[in-house]
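Welcome, and please open your viewer with the chains in separate colours. We will go from stop to stop, and at each one you will find what to select and what to look for.

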Amino acid sequence: MSLAETPTPATAPAPVPSMAAAYWRLQRSELRLVLGRRRNLVLLLGLAAVPLLLGLVLFFTQDTALDGQGPAFLGRVTGNGLFLVVASVFLCLPFLLPLTIGIASGDAIAGEASAGTLRYLLTVPVGRTRLLLVKAVGALAFAAAAVSAIAVVGLVAGAALFGVHDVTLLSGDTVPLGAGALRVLAVVAYVGLSLTGLVAVGLFFSTLTEVPVGAMAATVVVAIVSGVLDTIPALSSIHPALLTHHWLDFAEFLRLEPDWAVIGGGLAVQAAWVAIFGALAWSRFTTADVTS
Amino acid sequence: MSNLSPRARWAVPAVVGAVVAAAFIAPPLVASASSEELPAISPQQLVTAVAEARDQPLSGTVVYTARLGLPSLPLGDMAGASPVNLLDGSSTMRVWTDGVDRSRAALLGATSEYSVVRDGPQAWTYSSTDDAVVHYVIDAKDRARYDALQQDPPVAGDLPTPAAAASSVLGLVQQFSSVTLDAQSTVAGRAAYNLVVTPKSTTTLIGHVVVSVDAKTSTPLRVQVWDRTSKTPAVEVGFTDIRFATPSDSVLSFSAPAGASSKEVSVPLPETPAAAHSATVPDGTTVTGTGWDTVVQLAGVDVAGLLAGDADALSTVPGSAPAIGSKSGQKLLEEFGADGSSKVRDLDLGTLFGQITKPVPGGRLITTKLVSILVTDDGRVLVGAVPGATLQADAR
């Protein structure tokens, strides 16, 4: 009886903003931080310089004996500026893009930890799951910005230097400019989505350490080791599961009839890496002692 | 913060990993298990059904794998999609055909493609690596004969489908082999009969050949050739997915892209398909042995010139004129090798030749799991599905 009459202490908190609004405020500030950080801007500028330099080099050598030589797609740039986008993405894919992803995602948690700001973030208060999500979206946004920087500068430089024309596919058939531009856009989108698995791997490494450089390096190493394993014929049975194995499947969009099974398969492998390493990062981050 | 224990939290990635693994492994298992029971059929009935079946309009993906035991070649994907890749390793092709006389086959490289398009009396090859087109048309004087042949419907598309490979295998069947039916299986997602052809000869390198035939359309879906010892087929070509529908017109036509280098080649129409099947052989060629032990001997081949990439040397090879519209179709390698001279210049063929051949008394020998090739010092080339020693004995 008396229990029921005893007024419970007023624990009802002061009115808090809704969960969603709080999340978006945190997410916006994280995006501002990631995309506005000077180090990251320099990275984006460096990536954007690749198509510019490539375009200028091809422009000044186009009437020499060197014309049309080099890796795939390079020879087509002088005939059609749209291919500068594809060639630049293709050249950045093996190393520059993984390096960029490694820096952005490896820094996500470990950077806060090493700066001593992680525990303040967690006392805001914000749940660890939500903070991890915010950091993941930030790293993904930077990956998208990196690919877009290459694509936009490639498109502008290619159009200015060589003009844009109907697109000749790998099969030798020609599609109109509109359809061709859509295909190039699809190439860029596929490459961007291909990097999501590496973002998840980097995020996981970032939760393991308080030394951001370690997480960044480990992420880049994963991409490189995956690329090396992909060249060893004896391991062909595990090739389809490798992180980097399907990266070049973006070429599917430049074939006569893109095989959606191939494209879907490549994206499914990325989704699998995201699921596994996202879950690992979550387990680690929500169980770890945050001391700094 | 939450009511999950750390141990429970670490179980999450394990569960996610298991689910992901199941999602990737389960569908193929289900697909291969769902083979409905097919009516029993005799080998003869199956062979007849294949021979009688009309060529189907279809499109699909063909994977060709060669494990011939050649030393690994320094080619890989560096050279782009090129017919040379078919020598060893795995290659993927997309094929489309309307089942009559229009077809396209594309050999895929990671970022390149080599296409062969046939549109009635003309054909093109296009290499994306070189941006080069070769356009083949039938000689003006043979054109009338070609058109007349078109009135007779059964002039089949000359496509490197399993159909072409199967028909040549079935030609050898009656006389020199025993033919049985193996358990039914699923190939390219379709229920298939498996015809097993085993040579009666014990001196050939070939162990047995399995032809998987689609139960519904009697279209050969896969051909596997085993040597006598290996656990995996030495050569395998088959669909990994197939759709029986007429491809769109844009796939079956071709026009050279702007800016590509282009070459026109006029080819004679080979004798009528019936004549092509007959036993006449080109001058300079002798055939010894029978059935699976057949050895073909070519005389007067300018091997050194060929290795130097000299196009004229190609004319010293008996019967090497490119032939479109020939049903006998020299199958896969020749289909893609039709313009070999344009691709091979990138490779140091002399070095390659030195790597894959070994010196023997009187010449150089290439031994693979299925075929031996002996190049003698006096300019003869002997080819056969027999051990190298047999060729050396024949060469004397």
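Start where the two chains meet: 32 residues of chain B and 32 residues of chain A take part in the contact, where contact means heavy atoms within 4.5 Å. Before you select anything, note that this is a predicted model, in which local features need pLDDT of at least 70 and side-chain atom pairs count only at pLDDT 80 or more, while totals for chains, interfaces and linings use all residues. Residues are numbered from 1 along each chain as its sequence is written, chains are lettered from A and ligands numbered from 1 in the order in which they are written, and side-chain values use heavy atoms, with hydrogens and water left out.

**Stop 1: the interface**

Show the surface between the chains. About 2,400 Å² is buried between chain B and chain A, and carbon and sulfur atoms give 62% of that; buried area is the accessible area (1.4 Å probe) that two parts lose on being put together, summed over both.

Next, look at the charged pairs. The rule finds four salt bridges across the interface of chain B and chain A, a salt bridge being a side-chain nitrogen of Lys or Arg within 4 Å of a carboxyl oxygen of Asp or Glu. In one salt bridge, the side chain of B:Arg94 meets that of A:Asp259 at 3.8 Å, N to O.

Which elements of chain B each supply at least two residues of the side that touches chain A? Select helix H1 (6–33), E2, E3, strand E4 (113–119) and helix H6 (249–252) of chain B to see them. H1(B) gives the most to this side, with nine residues. Helices (H or I, at least four residues) and strands (E, at least two) are DSSP runs, numbered from the N terminus.

**Stop 2: the 12-stranded sheet of chain B**

An open sheet of 12 strands runs in the order E7-E8-E9-E10-E11-E1-E2-E3-E4-E5-E6-E12, with mixed pairing; two strands pair if DSSP finds at least two bridges between them. Strand E7 (177–187) and strand E12 (261–267) of chain B stand at the edges with a single partner strand each, so one side of each is left without a neighbour in the sheet. Direction ignored, neighbouring strands of this sheet are turned by 15 degrees against each other on average.

Walk through part of it strand by strand:

- Strand E1 (residues 58–66) and strand E2 (residues 89–97) of chain B run antiparallel and are joined by nine bridges; B:Ala66 stands opposite B:Gly89 in E2(B).
- E2(B) pairs in the antiparallel sense with strand E3 (residues 102–108) of chain B over six bridges, and B:Thr92 has B:Leu108 in E3(B) as its bridge partner.
- The hairpin of E2(B) and E3(B) has four residues between the strands, and B:Gly99 in the turn has a positive phi of about 80 degrees.
- E3(B) and E4(B) pair in the antiparallel sense over seven bridges, with B:Leu108 opposite B:Glu113 in E4(B).

Two loops deserve a click. B:Ala188, in the loop between E7 and strand E8 (190–199) of chain B, has a positive phi near 50 degrees although it is not glycine. B:Ser218, in the loop between strand E9 (206–214) and strand E10 (220–227) of chain B, also has a positive phi, near 60 degrees.

**Stop 3: the six-stranded sheet of chain B**

Six strands of chain B form an open sheet in the order E13-E14-E18-E17-E16-E15, with antiparallel pairing. Strand E13 (285–288) and strand E15 (358–360) of chain B are at the edges, each with a single partner strand, so one side of each has no neighbour in the sheet.

Zoom in on strand E14 (residues 295–298) and strand E18 (residues 381–384) of chain B, an antiparallel pair with four bridges. B:Val296 has B:Val383 in E18(B) as its bridge partner.

**Stop 4: chain A**

Finish by selecting A:Asp107 and A:Arg39, which form a salt bridge with the closest N and O atoms 2.9 Å apart. A:Asp107 lies in helix H6 (residues 96–115) and A:Arg39 in helix H3 (residues 38–61) of chain A, so the pair ties together parts that are 68 residues apart in sequence. Over all chains, the structure holds 15 salt bridges.

Conventions
Axes are lines fitted to C-alpha atoms, for helices over the stretch in contact, and angles run from 0 to 180 degrees between N-to-C directions.
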